Amino acid sequence: MARLKFLCDANRCIDCNACVTACKNEHDVPWGINRRRVVTINDGKPGERSVSMACMHCTNAPCAAVCPVDCFHATDDGLVLHSKEICIGCGYCFYACPFGAPQFPQATNFGSRGKMDKCTYCAGGPDADLSEAEYVRYGSNRLAEGKLPLCAEMCSTKALLAGDGEIIAQIYKERVVTRGYGSGAWGWKTAYGETITVT
Amino acid sequence: MSEQQDGRSLGRRRFFRALGTGSVAAAAGAVMGAKDAQAYDPGPEETKARYRETDDVRAFYRTNGYETLRK
């Protein structure tokens with residue numbers, strides 16, 4: 001069975017933020033919440049790299065381990081999804097996540113947190129597939145339509161890869177071999193406990 | 001005066017004794033009737049695999065690989 005993963009080829013990412021915009025538009029994400037962000041390392045210095053980051057849908061997800069109400073569940077293809085019905089907005093998952101993926105809307109003018117929101121890998125949530133309720137809570141469900149996450153599908157430089165982990169790892173390996181260099185699969189060691197080695 | 005006071009204090013004691021017994025019984029009932037906390041069980045429908053290798057997905061793999069550029 002396929003294990004769905006994200007892979008950002010940092011040698012191709014040009015920090016255009018199209019993935020961020022596409023995600024916000026596709027899921028009608030409210031102001032102040034970014035399910036995906038582009039992080040630039042060594043900005044303005046030699047070796048500058050930009051990496052598009054969102055929830056990596058970790059193996060043994062730390063967010064799920066610390067959740068006091070167990071609102072997370074992993075699907076058979078490795079996605080880490082959560083139920084907004086159960087989430088109490090405590091914020092523990094935000095502290096546990098190594099990628100800063102969980103986001104919280106401001107619920108009141110006094111700064112209290114609302115239900116956690118994060119990347120769903122465009123797979124919706126526990127509500128019925130392609131229902132209005134699912135769209136309002138979790139955004140669109142592209143996987144149910146037989147598509148991949150929009151951020152990856154519309155990446156103009158094809159830096160962001162999504163899909164079956166083995167296939168995208170193979171695509172990345174071919175790229176590294178062909179061009180002769182690569183800066184590694186960012187976040188894979190942390191998220192999946194493995195890395196891509198090119199021999 | 002003191003008999004009146006005794007009568008009043010006895011009545012008050014009986015009242016508080018009855019109140020205490022009632023509270024203990026209510027607390028015991030609540031403990032006996034309480035259920036264990038249930039963990040969230042997502043069920044097979046929510047944990048099912050969502051990924052399908054459709055034409056759209058295959059096109060994504062094809063256009064992202066260098067194989068496409070060679071052809």
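A residue is called buried here if 20 or more other C-beta atoms lie within 10 Å of its own, and exposed if 12 or fewer do. By that criterion, Val57(B), Phe60(B) and Asn64(B) are buried in H3(B), and the elements that cover them include helix H5 (150-153), S6 and H6 of chain A. The structure is a predicted model, with an ipTM of 0.92 and a pTM of 0.83.

**Chain A as a whole**

- Chain A contains 7 helices and 6 strands, and along the sequence these elements follow the order β-α-β-β-α-β-β-α-α-α-β-α-α.
- The radius of gyration of chain A is 17 Å, which agrees with the value near 16 Å that a compact globule of 199 residues would have, and the C-alpha trace spans about 50 × 40 × 30 Å along its principal axes.
- Of the 199 residues in chain A, 42% are buried.
- Among contacts in chain A with a separation of 6 or more, 55% are between residues 24 or more positions apart.

**Chain B as a whole**

- Chain B has 4 helices and 0 strands, so that its elements, read from the N terminus, simply run α-α-α-α.
- Buried residues account for 8% of the 71 residues of chain B.
- The mean pLDDT of chain B is 77, with 66% of its residues at 70 or more.
- Within chain B, the highest mean pLDDT of any element, 95, belongs to helix H3 (residues 55-64), whereas the lowest, 61, belongs to helix H4 (residues 66-70).

**The contact between the chains**

- Chain A contributes 29 residues to the contact and chain B contributes 18 residues.
- On the side of chain A that touches chain B, strand S4 (72-74), strand S6 (160-164) and H6 each supply at least two residues, and the largest share, 5 residues, comes from H6(A).
- By residue type, that side of chain A divides into 15 nonpolar, 6 polar and 8 charged residues.

**Helix H3 of chain B**

- Which residues of H3(B) are buried? They are Val57(B), Phe60(B) and Asn64(B), and they lie on the same side of H3(B), because they cover an arc of only 55° around the axis.
- An α-helix has 3.6 residues a turn, so residues three or four places apart point the same way.
- On the face of H3(B) turned away from the buried side are the exposed residues Asp55(B), Arg58(B), Arg62(B) and Thr63(B).

**Helix H6 of chain A**

- Helix H6 of chain A, made up of 15 residues (165-179), reaches 21 Å from its first C-alpha to its last, close to the 21 Å expected at 1.5 Å a residue.
- The buried residues of H6(A) are Gly165(A), Ile168(A), Ala169(A), Ile171(A), Tyr172(A) and Arg175(A), and they line one face of the helix, because they fall within an arc of 160° when H6(A) is seen down its axis.
- The face of H6(A) turned away from its buried side carries Glu166(A), Val177(A) and Thr178(A), which are exposed.
- Just after H6(A) comes Gly180(A), with a positive phi of about 90°.

**Loop residues of chain A**

- Met56(A) is placed in the loop between strand S3 (49-54) and helix H2 (62-66) of chain A, and it counts as buried because it has 24 C-beta neighbours inside 10 Å.
- Leaving aside residues up to four places away in sequence, Met56(A) touches Phe6(A), Phe99(A), Gly187(A) and Ala191(A); of these, Gly187(A) is 131 residues away from Met56(A) in sequence, yet the C-alpha to C-alpha distance is 7.9 Å.
- Asp28(A), in the loop between helix H1 (18-27) and strand S2 (36-41) of chain A, has a positive phi near 55° although it is a residue other than glycine, and with 10 C-beta neighbours inside 10 Å it counts as exposed.
- Asn42(A), in the loop between S2 and S3 of chain A, is likewise not a glycine and has a positive phi of about 55°; Asn42(A) counts as exposed because it has 10 C-beta neighbours inside 10 Å.

Definitions and conventions:
Residues numbered from 1 in each chain as written. Chains lettered and ligands numbered in written order. Predicted model: local features only at pLDDT ≥ 70, side-chain atom pairs only at ≥ 80, totals over all residues. Expected span 1.5 Å × (residues − 1). Arc of directions from axis to C-beta. pLDDT = per-residue confidence, 0-100. Contact = placed C-beta atoms within 7 Å. Nonpolar A, V, L, I, M, F, W, Y, C, P; charged D, E, K, R; others polar. Rg over C-alpha atoms; globule rule 2.2 N^0.38 Å.
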